[in-house]
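Have the sequence and the 3D view ready.

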Amino acid sequence: MKSKTEYLTFNTDRQREYINITGQVAEVVADSGIAEGMVLVSAMHITAGVFVNDAESGLLADIDEWLEQLAPFRSDSRHHRTGETNGDAHLKNLLIHHEVIVPITAGELDLGPWQQVYYAEFDGRRPKRLVIKAIGE
Amino acid sequence: MKSKTEYLTFNTDRQREYINITGQVAEVVADSGIAEGMVLVSAMHITAGVFVNDAESGLLADIDEWLEQLAPFRSDSRHHRTGETNGDAHLKNLLIHHEVIVPITAGELDLGPWQQVYYAEFDGRRPKRLVIKAIGE
Amino acid sequence: MKSKTEYLTFNTDRQREYINITGQVAEVVADSGIAEGMVLVSAMHITAGVFVNDAESGLLADIDEWLEQLAPFRSDSRHHRTGETNGDAHLKNLLIHHEVIVPITAGELDLGPWQQVYYAEFDGRRPKRLVIKAIGE
């Protein structure tokens, strides 16, 4: 079995931001020399997520608005008694999920034609890490 | 390490439909000859999902209604400026998620007694693909 | 390829409960002897979930309240015609998801500093199983 692990660090300008990382995931897979396997893409924070969807700016704005509707900022979050102010970012992380697994077939990411891998930052403006791990043969 | 990859294509009659694919996933695992490993079941579209839940028709109708409540069709989706009309299907995909991983133990899907794997179509009436990939030994 | 499979059983006092199982997952990984790989943590029931988030009691109470808002108990669930009363637990399972995958790097769970693995019980007070499966080398 082969494996390859890489870490990315993001430091976004805005509190919430959606970054297409498909190229970086594909590079790790190419570097791994794996023909058949899986690659895990996982945020290492509890206020950021990873998802697969369309690289379309209108849709990304829709997603951002929808997440704020379903998991809005609330000044009365119990979590804020700790001094934090990012309770909503934890719930957005749970809704979107913090990881995806992409199949590797014939040495390439086996994604559909419109599928792109996104890092979703919900509490940015500071360094945040993500792990990409490929295993296979 | 062994691996086995199969693709399914769905062309549903209705726009939204929920299809039990547990038998097809089990077949891929049987064909793979893998005793211990994992199988990834992943929609290759951004308007379809995969989930594990109960094969109970009332529940499936509850799930469909609930998804329409949390991620309803909206005529004012920014995504619709592209000419598309399926903005809600993208959000339903994010809510349900597009993939599951099932453990393979002693050559079988290691699911609980009520767990069934479902393909969730949110924008059907056209060919849509799904990938099943097993790895292990 | 190495693999290791363990099952945990929970029998919670309350209907809904959130249990930190990071230590138990780390133990399976240590026992597996795997240096590089992945570990799957998956509820074997359709009314329980697994998620990764912060070990902070205020946040866990926020999460519980939020899940009840987005997937509330409804006496008119179609699923209840079967005699069940846990329709909401199925929807909470879909929202949180029933599994996570954690990377194994240098023989350890490759989690961020605040990431903890939680078992989320949505219909407890009876024995419920979870599978932990590590693969790698």
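This is a predicted model: local features need pLDDT of at least 70, side-chain atom pairs count only at pLDDT 80 or more; totals for chains, interfaces and linings use all residues.

As for bookkeeping, residues are numbered from 1 along each chain as its sequence is written, chains are lettered from A and ligands numbered from 1 in the order in which they are written, and side-chain values use heavy atoms, leaving out hydrogens and water.

**How the chains are arranged**

Chain A goes onto chain C with a turn of 120°, a shift of 0.0 Å along the axis and an RMSD of 0.0 Å.

**Two interfaces**

Contact means heavy atoms within 4.5 Å. A salt bridge puts a side-chain nitrogen of Lys or Arg within 4 Å of a carboxyl oxygen of Asp or Glu. A polar contact is a pair of N or O atoms within 3.5 Å; within protein, one must be able to donate a hydrogen and the other to accept it, and residues adjacent in sequence count only if both atoms are side-chain atoms.

| Interface | Residues in contact | Salt bridges | Polar contacts (both at pLDDT 80 or more) |
|---|---|---|---|
| Chain B and chain A | 29 of chain B, 37 of chain A | 4 salt bridges | 15 residue pairs |
| Chain A and chain C | 29 of chain A, 37 of chain C | 4 salt bridges | 15 residue pairs |

On the side of chain B that touches chain A, the elements giving two or more residues are strands S1 (2-10), S3 (37-43), S5 (99-105) and S8 (128-136), plus helix H3 (87-96). Helices (H or I, at least four residues) and strands (E, at least two) are DSSP runs, numbered from the N terminus. H3(B) gives the largest share, 5 residues.

For a salt bridge you can find yourself, look at A:Glu36 and B:Lys133, whose side chains meet at 2.6 Å, N to O.

**Inside the chains**

Now zoom in on A:Arg16, in the loop between S1 and strand S2 (17-20) of chain A. Its side chain makes a polar contact of 3.2 Å with that of A:Glu68. Not counting residues up to four places away in sequence, A:Arg16 touches several residues, including A:Asp64, A:Asp88 and A:Phe122.

How many aromatic pairs are there over all chains? A search of the whole structure finds 12. In one of them, B:Tyr18 and B:Phe122 have ring centres 6.3 Å apart and planes at 70°, so the pair is edge-to-face. The pair links distant parts of the chain, 104 residues apart: B:Tyr18 sits in strand S2 and B:Phe122 in the loop between strand S7 (116-121) and S8. Rings of Phe, Tyr and Trp (its six-membered ring) pair if their centres lie within 6.5 Å; planes under 30 degrees apart count as stacked, over 60 as edge-to-face and the rest as tilted.

Technical notes. Copies are superposed by least squares on the C-alpha atoms of residues with pLDDT of at least 70 in both.
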